[in-house]
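Thank you all for coming. I would like to walk you through a structure that may be new to you, so please have a look at it before I go on.

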Amino acid sequence: MVYEYMKRVPQLNAYPELPDLYCPSMWKSAHVDVDGYVTPCCMFIDSEFKKFRITDVTHITEVSKNQFQEYRDQLTNNEWPKGCNQCKFAEEEGRSSKRIQDLYMLNQKTNGKLDTFPTPPLNIALEYLQLKTGRLCNLKCTICTPACSTSIAAEQLAKGNLNRETYNKLQAQIEWSYDINEYKKLDSPAYFRIDIAGGEPLMNKTHFDWLKHLSDTTDTSHTQLLYNTNGTQLPNDKEVEIWKKFKGVWVAFSIDSYGKKFEFLRVGANWENVLSNLKFVEETLVQKVLPKGSTNTSIVMTLHKGNVLDIFELYKNLKDNVNFENPNFLNFNYLYYPEHMAIHNMEKDRMKLAIDYIDNGIDQLPINSLIYKETIRLRNTINSFYETNKIVEDPLVMPKDHRVYNNIITDDIK
């Protein structure tokens, strides 16, 4: 069987020397996880590899150059490394993976010239950083865990569902995220892109100190910042001034539904407040304050069995309330974990319900838009599971949902 992922991605055509499974992250990137461990990519999951933390090295290039070589060798031989299972799964289903999305960076041009990688694609260099600023977060989202949110950990400790020893261990793992000297181990003059997430990154002020340090010590006018925020926080004036020193700032809001349903899924968030913050970022910061051309706002909807029937209503709600410059403001993120919430593990009758929902509502989206195409791909993915007895086998044991009602479907909450 020839899977979609084995076909050569069009973005590679300009570089015939690259392997078909070339991934920018493996050659150009490093990812610092919430616990300080360094991996190739934010989607890379291989607990066996988690051996080196940012606190263990003098600079993260020590890890990327040496420890990632076995993964580069596997990709060169058209073999998926174990930790790349999420991209492999997406591409087998004919959907866009992070690898494919990042390949678009290879074709980004300014005045006819490539303006992404400062050096050739196969040159190993720290040119793309994926940074999680620790676990500090004010929300207790239904799809999150104590390992990724300080609020969930505190709640579980208070309820007796998390012992003090484990709580203290989790707290100790993020001490690095408040130390500017640890961030300086990430310094590189060649960054064309820095992705920043959390926790909730806008709550972590140390990373702003590092961005200021970086912009004071090197030319960051060619460096694109991309944020993933829960939408409850806004940067202050000093932080916006720091952002201005970069090529642009793309702010992605994690919004999985709307109204009361949104508040149920993103526990601790207020829908009207998040909508107001989104409107301010888009209509003021993006359109009037920050550098033009490489600055934008987008919505990332993490799809799972609890919100797959909210796509069209969320799209309309956002479009009616915010004046987006970006016509493709809504994007999908396919949830893999917690596994019991994943779309590929929905009951058959719910899969059929989702297929019918998309078939009956797809005309509400602009035809041939990216979100239209992604929704069609989603429909076909669900249908492939509905029509077969395909089982997703994953040896990884992931933590369960922290909510006591983690298995209920929330269609009745609007």
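When I speak of a strand, I mean a DSSP run of type E that is at least two residues long, and strands, like helices, are numbered from the N terminus. Please keep in mind throughout that what you see is a predicted model.

Of its 414 residues, 56% are buried, and if we take the contacts with a separation of 6 or more, 73% of them come from residues 24 or more positions apart.

Is Thr39 buried or exposed? Its relative accessibility is 2%, and because buried means under 20%, Thr39 counts as buried. A polar atom of the Thr39 side chain lies 3.3 Å from the backbone oxygen of Cys41.

Finally, I turn to a pair of helices, H14, which covers residues 348-361, and H15, which covers residues 370-386; they pack with their axes 9 Å apart, at an angle of about 150°. Because angles over 145 degrees count as roughly antiparallel, H14 is described as roughly antiparallel to H15, and the crossing of the two is left-handed. On the H14 side the residues making the contact include Met351, Ile355 and Ile358, while on the H15 side Leu378, Ile382 and Phe385 are among them. Sorted by class, the contact of H14 with H15 has eight nonpolar, four charged and two polar residues.

Technical notes: Residues are numbered from 1 along each chain as its sequence is written. This is a predicted model: local features need pLDDT of at least 70, side-chain atom pairs count only at pLDDT 80 or more; totals for chains, interfaces and linings use all residues. Side-chain values use heavy atoms; hydrogens and water are left out. Buried means under 20% relative accessible area, exposed over 50%, partly exposed in between (1.4 Å probe, protein chains only). A polar contact is a pair of N or O atoms within 3.5 Å; within protein, one must be able to donate a hydrogen and the other to accept it, and residues adjacent in sequence count only if both atoms are side-chain atoms. Axes are lines fitted to C-alpha atoms, for helices over the stretch in contact, and angles run from 0 to 180 degrees between N-to-C directions. Helices (H or I, at least four residues) and strands (E, at least two) are DSSP runs, numbered from the N terminus. Angles under 35 degrees count as roughly parallel, over 145 as roughly antiparallel, 65 to 115 as roughly perpendicular and the rest as oblique. A crossing is left-handed if the near helix is turned anticlockwise from the far one by less than a right angle, and right-handed if clockwise. Contact means heavy atoms within 4.5 Å. Ala, Val, Leu, Ile, Met, Phe, Trp, Tyr, Cys and Pro count as nonpolar, Asp, Glu, Lys and Arg as charged, and the others, Gly among them, as polar.
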